[in-house]
Amino acid sequence: MTVDPVITTRPASPYVGWRRTIHVDQFPEVADKIPVTLEWLEEHGVTVNGAPFFRYHVVRLPDHVDVSCCIPVEGESPVGPGMVADVLPAGRYASVRHVGHPDELVELTAELVEWGTSTGRSWDVTSDGSDDVWSGRVETYFSPPDVPIEQWETEVAIRLAD
């Protein structure tokens with residue numbers, strides 16, 4: 001893979017979802033929250049405002065990730081038990097689109113991070129003393145669930161500091 005990122009300015013994006021720190025092999029436990037969240041939002045009359053995404057707060061491979069399973073919503077929203085409401089910050093994001101199996105996104109993300117480093121860009125990431133904490137590192141899933149997984153369209157986007 002060779003990345004050819006697009007840089008765009010994005011508005012803040014409120015979302016409702018679930019945040020967990022998990023081992024990578026537990027990822028389905030987080031991903032399975034997408035339909036649960038969509039159903040809850042529909043039952044409570046909350047307007048969905050875009051495609052589901054995963055927000056990576058901390059990535060420490062192969063050990064763990066601190067990740068949120070997110071559904072963007074219109075404005076502020078109530079949340080159900082165990083759910084969180086938050087906002088993906090506005091700013092400039094470098095992104096790359098991908099069609100294929102989600103297993104390929106780890107390599108694609110690594111290439112995007114390397115592209116940023118090699119082109120002198122700075123990511124909006126800080127250290128909490130032991131981990132890098134990302135302000136806006138997301139994977140957005142555009143394909144409906146009935147599309148074969150090898151044909152899923154996704155986007156990896158990371159917020160720039162500059």
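Guide: A residue counts as buried under 20% relative accessible area and as exposed over 50%. The model is predicted.

Visitor: Which residues of α2 are buried?
Guide: The cut-off is under 20% relative accessible area. In α2, the residues that count as buried are I34, T37, W40 and L41.

Visitor: Within what arc do the buried residues of α2 fall, seen down the axis?
Guide: An α-helix has 3.6 residues a turn, so residues three or four places apart point the same way. The buried residues of α2 line one face of the helix, because the arc that holds them, seen down the axis, is 130°.

Visitor: Which exposed residues does α2 carry on the face turned away from its buried side?
Guide: Exposed means over 50% relative accessible area. On that face of α2, the exposed residues are P35, E42 and E43.

Visitor: What do the buried residues of α2 pack against, and which residue with positive phi follows the helix?
Guide: The buried residues of α2 have β2, α1, β3 and β4 as packing partners. After α2 comes a residue with a positive phi, near 70°. That residue is G45.

Visitor: How many residues does the largest nonpolar core have?
Guide: In soluble globular proteins, nonpolar side chains tend to be buried together. Here the residues with the most contacts inside the largest core are L41, F54, V67, L112 and W123. Elements that each supply at least two residues of this core include α2, α3 (105-118) and β10 (153-159). The size of the largest core is 30 residues.

Visitor: How many residues are in the other core that lies apart from it?
Guide: Members of this other core include Y15, F53, C70 and Y93. Its count of residues is seven.

Visitor: What is the geometry of the pair F54 and Y141?
Guide: The ring centres are 5.4 Å apart. The planes stand at 80°, so the pair is edge-to-face.

Visitor: How many residues apart in sequence are the parts that F54 and Y141 tie together?
Guide: F54 is buried, because its relative accessibility is 4%. Y141 is buried too, at 12%. F54 belongs to strand β3 and Y141 to strand β9 (residues 137-141), so the pair ties together parts separated in sequence by 87 residues.

Visitor: Which residues do ring pairs link into a cluster?
Guide: F54 and Y141 both belong to the cluster.

Visitor: Is H98 buried or exposed, and which side chain does it join in a polar contact of 2.8 Å?
Guide: H98 lies in strand β6 (residues 91-99). Its relative accessible area is 9%, so H98 is buried. The side chain that H98 joins at 2.8 Å is that of E104.

Notes. Residues are numbered from 1 along each chain as its sequence is written. Side-chain values use heavy atoms; hydrogens and water are left out. Helices (H or I, at least four residues) and strands (E, at least two) are DSSP runs, numbered from the N terminus. Buried means under 20% relative accessible area, exposed over 50%, partly exposed in between (1.4 Å probe, protein chains only). A polar contact is a pair of N or O atoms within 3.5 Å; within protein, one must be able to donate a hydrogen and the other to accept it, and residues adjacent in sequence count only if both atoms are side-chain atoms. Rings of Phe, Tyr and Trp (its six-membered ring) pair if their centres lie within 6.5 Å; planes under 30 degrees apart count as stacked, over 60 as edge-to-face and the rest as tilted. A nonpolar core is a set of buried Ala, Val, Leu, Ile, Met, Phe, Trp, Tyr and Cys residues joined through side-chain atoms within 4.5 Å. The arc is that of the directions from the helix axis to the C-beta atoms. Contact means heavy atoms within 4.5 Å.
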